[in-house]
Amino acid sequence: MEFAKISADGQITIPKGVRKAASLVEGDVIAFEIRGVHLVMCKVCKVTPGQDDHLQGLSEVLSEWVSPEDEDAWRHL
């Protein structure tokens with residue numbers, strides 16, 4: 001088990017071992033879900049329209065954060 005501390009801005013750094021085990025790389029999008037007392041993080045894959053209503057809805061919500069301006073703002077965090 002690895003640990004991370006939440007910053008005053010609500011940010012965390014995913015530990016290197018976890019990033020490696022989950023094949024997470026810069027630019028990946030992570031979805032968060034609460035399941036009882038557990039927080040579940042999932043890597044979001046690209047969604048083909050019509051593939052799945054739930055995933056399509058999630059993709060539409062997350063797409064608001066993929067503008068070039070947002071990428072530039074988040075790059076240095």
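Two salt bridges are counted in this predicted model. One of them pairs Asp28 with Lys43, and the other pairs Arg35 with Glu33. The protein has three helices and two strands, arranged along the sequence in the pattern α-β-β-α-α.

**Salt bridges**

- In the salt bridge between Asp28 and Lys43, the closest N and O atoms are 3.3 Å apart. This pair links distant parts of the chain, since Asp28 belongs to the loop between α1 and β1 while Lys43 belongs to strand β2, and the two are 15 residues apart.
- Asp28 has a relative accessibility of 27% and therefore counts as partly exposed. Lys43 is also placed in the partly exposed class, because its relative accessible area is 37%.
- In the salt bridge between Arg35 and Glu33, the closest N and O atoms lie 3.4 Å from each other.
- Arg35 counts as partly exposed because its relative accessibility is 46%. Glu33, with a relative accessible area of 39%, is partly exposed.
- As a general point, side chains of opposite charge can pair when their charged atoms come close.

**Strands and hairpin**

- Strand β1 covers residues 29–35 and strand β2 covers residues 38–44; the two run antiparallel and are joined by seven bridges.
- Val29 stands opposite Val44 of strand β2.
- The hairpin of β1 and β2 has two residues between the strands, and Gly36 in this hairpin takes a positive phi near 65 degrees.

**Nonpolar surface patch**

- Which residues form the nonpolar patch on the surface? They are Ile6, Ile12, Phe32, Ile34, Leu39 and Met41, which together have about 640 Å² of accessible area. The elements giving two or more residues to this patch are β1 and β2.
- Phe32, one of the patch residues, lies in strand β1. Is Phe32 buried or exposed? Phe32 counts as exposed because its relative accessibility of 54% is over the 50% limit for that class.
- In a regular strand, side chains alternate between the two faces of the sheet.

**Backbone at Ser23**

- Most residues other than glycine have a negative phi. Ser23 has a positive phi of about 55 degrees, although it is not a glycine.
- Ser23 lies in the loop between α1 and β1, the loop that also holds Asp28.
- With a relative accessible area of 46%, Ser23 is partly exposed; the partly exposed class lies between the 20% limit for buried residues and the 50% limit for exposed residues.

**Whole chain: exposure and contacts**

- Of the 77 residues of the protein, 6% count as buried.
- The protein exposes about 6,900 Å², of which carbon and sulfur atoms supply 58%.
- Among contacts between residues at least 6 apart in sequence, 11% join residues at least 24 apart.

**Confidence of the prediction**

- The protein averages a pLDDT of 80, and 71% of the residues score at least 70.

Note on methods:
Residues are numbered from 1 along each chain as its sequence is written. Side-chain values use heavy atoms; hydrogens and water are left out. pLDDT is the predictor's confidence in each residue, from 0 to 100. Two strands pair if DSSP finds at least two bridges between them. Helices (H or I, at least four residues) and strands (E, at least two) are DSSP runs, numbered from the N terminus. Patches are made of residues with over 30% relative accessible area and no salt bridge: like charges are joined within 9 Å, nonpolar side chains (Val, Leu, Ile, Met, Phe, Trp, Tyr) within 5 Å. Accessible areas come from the Shrake-Rupley method with a 1.4 Å probe; for residues, only the protein chains shown count as cover. A salt bridge is a side-chain nitrogen of Lys or Arg within 4 Å of a carboxyl oxygen of Asp or Glu. Buried means under 20% relative accessible area, exposed over 50%, partly exposed in between (1.4 Å probe, protein chains only). Contact means heavy atoms within 4.5 Å.
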